[in-house]
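I opened the notebook to write down a few things I wanted to look up. Here are my entries, one spot at a time.

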Amino acid sequence: GYIVERVEHFNFFTKRKIDLLGVGDLLALNGKEMLLVQVTSRANVSTRRHKADESDKLKLWLKAGGKFLILGLDKIADNNRWRIAEFAY
């Protein structure tokens, strides 16, 4: 039930991806909520969570009523499926 758009972009000068507000890869809207999503590997969830905890821009996003979700993915080798770890603000 969400409309999802990619909101990160690539800076050709620095050769790096730039996340929205420094923490988000995707913006999801459903008419009731605004959800900023960081997608990463499961191994990097704690690093992304620490970065999010330190972000003044994310604090302003949350204060304005937005929500934030970190999705950590890894592939289960034996059956070619993905496993997800979530952390929501």
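**Entry: Tyr 89**

I started with Tyr 89, which sits in the segment after strand E7 (81-88). I kept in mind that this is a predicted model. How exposed is Tyr 89? Its relative accessible area is 30%, so I noted Tyr 89 as partly exposed, since that label covers what falls between under 20% and over 50%.

Next I looked up what Tyr 89 touches, skipping residues up to four places away in sequence. The list has Arg 49, Ala 52, Asp 53, Leu 62, Lys 67, Phe 68 and Ile 70. With Asp 53 there is also a polar contact, side chain to side chain, at 2.5 Å.

I checked Val 7 too: it is 82 residues from Tyr 89 in sequence, and the C-alpha atoms are 19 Å apart in space.

**Entry: the rings**

How many aromatic pairs are there? I got 3 aromatic pairs. One of them is Phe 87 with Tyr 89, where the ring centres are 5.2 Å apart and the planes make an angle of 80 degrees. I put this pair down as edge-to-face because its 80 degrees is over the cut-off of 60.

Phe 87 is partly exposed as well, with a relative accessible area of 25%. Ring pairs also bring in Phe 68, giving a cluster of Phe 68, Phe 87 and Tyr 89.

**Entry: Ser 55**

Then I moved to Ser 55, in the loop between helix H1 (45-53) and helix H2 (56-63). Is Ser 55 buried or exposed? Its relative accessibility is 11%, so I wrote down buried.

What does the side chain of Ser 55 reach? I found the backbone nitrogen of Leu 58 at 3.0 Å, and the backbone nitrogen of Lys 57 at 3.4 Å. Leaving aside neighbours within four places in sequence, Ser 55 is in contact with Leu 21 and Val 23.

I found Leu 21 in the loop between E3 and strand E4 (26-29). Its phi is near 60 degrees, which is a positive value in a residue other than glycine. Leu 21 is partly exposed, at 27% relative accessible area.

Lys 15 also has a positive phi near 60 degrees, and it isn't a glycine either. I located Lys 15 in the loop between strand E2 (9-11) and strand E3 (16-18). With 59% relative accessibility, Lys 15 went into my notes as exposed.

Note on methods:
Residues numbered from 1 in each chain as written. Predicted model: local features only at pLDDT ≥ 70, side-chain atom pairs only at ≥ 80, totals over all residues. Heavy atoms only, no water. Phe/Tyr/Trp six-rings, centres within 6.5 Å; stacked < 30°, edge-to-face > 60°. Buried < 20%, exposed > 50% of the residue type's maximum accessible area, 1.4 Å probe, protein only. Helix = DSSP H or I, 4+ residues; strand = E, 2+ residues; numbered from the N terminus. Contact = heavy atoms within 4.5 Å. Polar contact = N/O pair within 3.5 Å; in protein donor to acceptor, adjacent residues only side chain to side chain.
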